[in-house]
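Please look at the sequence and the structure shown here, and keep both at hand while reading the paragraphs that follow.

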Amino acid sequence: MKKPFIVILTGAGISAESGLSTFRAQNGLWEGHDVNEVATYEGYQRDPIKVHEFYNMLRRKLNDPQVQPNAAHFAVAQLEQQLGQDNVLVVTQNVDNLHEKAGTTQIIHMHGELLKIRNEMTNEVIFCDYDVDYTRNKYLRPHIVWFGEIPLDMSYIYDALARADYFISIGTSGNVYPAAGFVQFARQHNVKTIELNLEPSLGNNLFDQKIYGPASKVVPEFVDTLIEKFKK
Ligand code: APR
């Protein structure tokens, strides 16, 4: 059987069971921090040291040895291994590196990466797993896509969505565009759409199939059914 091309969108929910906060849950990141202050360019211009402290804190959390990929990340990586690198593309809104740590190689971080900083003068992107000291270099900003900024690799993502056989959305609430619009775009291209989430997302009615529960449980189960279906 011809192997399908699968695009997988992931959000903060896939990393929740690895100990990383989501954004909009009761104890989520946006409960304790003002989005306008730490996730907009205007906020960065107003108080860059405050913004760097916020991402330094998140980076330290990500570097905590306790924070490791969970069964959902490993299942997504296994799907790539089983179906092949040309048949699975992960598009993540997450800025953590847990997909890569689980073995995923075909991945786009459309909202940037916590373990990278960018030189605003040269646009050079640099690996960074340490606290950034803004007073030592004023041109280094977090390599994060803030509200009001354009996400990364959008034309590549839309090309992939248009030719996909499956669009699987995992652990995202559907609050933030353009990612929240991918399901509608996929439907317009006759792609089979599946939502795997703890609870219905804002766009849940647009999905052909929906399975609710913790990612570490529902993602491995769903991946097993796909691998079984296409291994012949
Ligand atoms: N398993 C599966 N889903 C989960 C789990 C879990 N263990 N825990 C939470 N979820 C689901 C929640 O039900 C919710 O629908 O994950 C979703 C997380 O939603 P948000 O916190 O809104 O995060 P996300 O959708 O990734 O946010 C999108 O918003 O703040 C910006 O740039 C930021 O990339 C982020 C974007």
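A residue is called buried when its relative accessible area is under 20%, exposed when that area is over 50%, and partly exposed in between, using a 1.4 Å probe and protein chains only. This is a predicted model, in which local features need pLDDT of at least 70 and side-chain atom pairs count only at pLDDT 80 or more, while totals for chains, interfaces and linings use all residues. Residues are numbered from 1 along each chain as its sequence is written, and side-chain values use heavy atoms, with hydrogens and water left out.

We can begin with the overall chain. The UniProt record, in an unreviewed entry, places the feature "domain: Deacetylase sirtuin-type" at residues 1-229; such positions are given in the numbering used here, feature names are shortened, and annotations may be inferred rather than shown by experiment. Over residues 1-229 the chain is 34% helix and 19% strand, and the C-alpha atoms at the ends are 9 Å apart. Helices (H or I, at least four residues) and strands (E, at least two) are DSSP runs, numbered from the N terminus.

Next come the aromatic rings. Rings of Phe, Tyr and Trp (for Trp, its six-membered ring) pair if their centres lie within 6.5 Å, and planes under 30 degrees apart count as stacked, over 60 as edge-to-face and the rest as tilted. By this rule the count comes to twelve aromatic pairs. One of them joins Phe54 and Tyr55, edge-to-face, at 4.8 Å centre to centre with 80° between the planes, and both Phe54 and Tyr55 are buried. In another, the ring centres of Tyr158 and Phe182 are 5.7 Å apart and the planes stand at 85°, so this pair is edge-to-face as well. Because Tyr158 belongs to helix H7 (residues 154-162) and Phe182 to helix H8 (residues 182-188), the pair ties together parts that are 24 residues apart in sequence. Phe182 is buried, at 1% relative accessibility, whereas Tyr158 is partly exposed, at 27%. Ring pairs also link Phe23, Trp30, Tyr41, Tyr44, Phe54, Tyr55, Tyr134 and Trp146 into a cluster.

A charge sits over a ring if NZ of Lys or CZ of Arg is within 6 Å of the ring centre and within 35 degrees of the ring normal. The charged end of Arg141 sits over the ring of Trp146, 4.0 Å from its centre. Arg141 lies in strand S6 (residues 140-144) and is buried, at 3% relative accessibility. Its side chain makes a polar contact of 2.9 Å with the side chain of Glu149, where a polar contact is a pair of N or O atoms within 3.5 Å; within protein, one must be able to donate a hydrogen and the other to accept it, and residues adjacent in sequence count only if both atoms are side-chain atoms.

What surrounds the ligand? There are 22 residues around it, and the closest are Arg24, Trp30, Thr172, Ser173 and Glu199; a residue is near a molecule if one of its heavy atoms lies within 4 Å of it. A polar side-chain atom of Glu199 lies 2.6 Å from an oxygen atom of the ligand, and for Asn197 the corresponding distance is 2.9 Å.

Finally, the backbone deserves a look. The peptide bond from Tyr177 to Pro178 is cis, with omega near 10°, and Pro178 lies in the loop between strand S7 (166-170) and H8. Asn190, although not a glycine, has a positive phi of about 55°.
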